[in-house]
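The entries follow the order in which I looked things up.

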Amino acid sequence: PEDPLAAEELARDRARLLLARYGVLCRDMLVREATALGWTNVFRALRRMELSGEVVSGAFFEGLSGPQFADPRAVRRLAAGPGGEEPWWLCGRDPAALWSGAGEPDGLSWPRRAAGTWVSFVGPRPVGVVEAGGGRISLALAPDDAGLPAALAPLVHALTRRTAPLARLAVTVINGQPAGESPYLGVLRQLFEVVRERRGLTLYRGRPAASRPQP
């Protein structure tokens, strides 16, 4: 808009959208955003929102450049510490998937932020990485770990989601080994219909364990 007041309100709305997405904002976190949502276009609005008490500034995370701004609710959550051991996951195209700037996790490697990529967490700890639309799976949990279903939840979601569920998933590699020879085959059969193929496994939407065939 040409009107300065309208332009300022638009910048504040963009800043609010970004705060709702990330909780904490700084220049480094917005480098992948569209130009309209870039640091240059929201910084002055954030400063004015700080003066009005809508946001607060501070050094919330080490290693990030320049000033940092946060929603007061995010500050309270940060002060309370990590939120336990609840499982959750992110897809690679999610704007909140910031793992490419973090150090490598134990037993896993961060994937590219691309379509068909998911990372599963238990609390703050990454426990599973899915790449190539399910073709490559890396797991930081033992084959008998009770947390494996949560680590594989993105695959279940891809096959059962309401919008455009996938008909099947082809898995070729699990932890660097051929999927058909993987010690994780047992837990996959608990969650999916599993068919052995020449190049690996094909996963279909699962049925109750009592009626599931064991190919």
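**Conventions.** I worked on a predicted model, in which local features need pLDDT of at least 70, side-chain atom pairs count only at pLDDT 80 or more, and totals for chains, interfaces and linings use all residues. I numbered residues from 1 along each chain as its sequence is written, and side-chain values use heavy atoms, with hydrogens and water left out.

**Helix H2.** I took helices (H or I, at least four residues) and strands (E, at least two) as DSSP runs, numbered from the N terminus. H2 covers residues 39-51, and its end C-alpha atoms lie 18 Å apart, which agrees with the 18 Å that its 13 residues should span at 1.5 Å a residue; the expected span is 1.5 Å times one less than the number of residues. I then asked which residues of H2 are buried, meaning under 20% relative accessible area, with exposed over 50% and partly exposed in between (1.4 Å probe, protein chains only). They are Trp39, Val42, Ala45, Leu46 and Met49. Seen down the axis, these buried residues fall within an arc of 140 degrees, so they line one face of H2; the arc is that of the directions from the helix axis to the C-beta atoms. The face turned away from the buried side carries the exposed Thr40, Arg44 and Leu51. I found the buried residues packed against helix H1 (4-22), strand E1 (24-25) and strand E3 (68-70). Glycine 53, with a positive phi near 90 degrees, follows H2.

**Sheets.** I counted two strands as paired if DSSP finds at least two bridges between them. E11 pairs with E12 (residues 200-205) over 6 bridges, and arginine 196 has leucine 201 in E12 as its bridge partner. Another open sheet has 6 strands in the order E4-E5-E6-E7-E9-E10, with mixed pairing.

**Cores.** I defined a nonpolar core as a set of buried Ala, Val, Leu, Ile, Met, Phe, Trp, Tyr and Cys residues joined through side-chain atoms within 4.5 Å. The largest has 25 residues, and among those touching the most other members is Leu155. A second, separate core of 15 residues includes Leu37, Trp39, Met49 and Phe69.

Key
Contact = heavy atoms within 4.5 Å.
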